[in-house]
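Hi,

Here's the structure I promised to pass on.

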Amino acid sequence: MDRYNKFYSLISSINKCIQKIKNEEMAPLGLKGKQVQCIYHLFNEEEGISLLNLCRVCGEDKGAMSRTISELEKGDYLYVEEAKTQKYRNPIKLTNRGKEVGKFINDKINEMFSICSEGVKEEEREKFYEILSMVEVNLKNICKNYDGGEDD
């Protein structure tokens, strides 16, 4: 198998597995993938995150993230603290219900990563992430040449 096919197949397969695990594990809670990502990041930021920063860490645009925030707000998972005059800079925080679900999500993620990294030594894992990060930077640099320089 050539380098492109091997790289693409592995990344694609890993992504599909992650999506399937997210869907299966979160189905009992009625949560979707984007909502899981949002709650996960908010759970790990007790002070809250602005919409703009949440878009960055979740890899979503403002429109999609605004819809996700709205859905989660209606479900009483989070709230937007109206502290600033600029709408996109207000901190978004989890409610008590959101914190409970966030802990569940965080625990599930840790469990899955423990299982999927069995047999991998710590130094191998560090090297893997270092190389994967280099590949990401290089791909983002290539993407800067397309459509006005954006990497999304």
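For what follows, contact means heavy atoms within 4.5 Å. This is a predicted model, so to speak of local features I need pLDDT of at least 70, side-chain atom pairs count only at pLDDT 80 or more, and totals for chains, interfaces and linings use all residues. Residues are numbered from 1 along each chain as its sequence is written, and side-chain values use heavy atoms, with hydrogens and water left out.

Let's start with Asn106, which is found in helix 5 (helices are DSSP runs of H or I, at least four residues, numbered from the N terminus). Leaving aside neighbours within four places in sequence, Asn106 is in contact with Tyr40, Phe43 and Asn44. Asn106 counts as buried because its relative accessibility is 15%; the cut-off is under 20% relative accessible area, with a 1.4 Å probe and protein chains only.

Helix 1 next: its 24 residues reach 34 Å from first C-alpha to last, close to the 34 Å expected at 1.5 Å a residue (1.5 Å times one less than the number of residues). Ser12, Lys22 and Met26 are its buried residues, and their cover includes helix 2 and helix 5. At the N-terminal end, Asp2 caps helix 1, with a side-chain oxygen 3.1 Å from the backbone nitrogen of Tyr4; a polar contact is a pair of N or O atoms within 3.5 Å, where one must be able to donate a hydrogen and the other to accept it, and residues adjacent in sequence count only if both atoms are side-chain atoms.

Cheers

Terms used: Helices (H or I, at least four residues) and strands (E, at least two) are DSSP runs, numbered from the N terminus. Buried means under 20% relative accessible area, exposed over 50%, partly exposed in between (1.4 Å probe, protein chains only).
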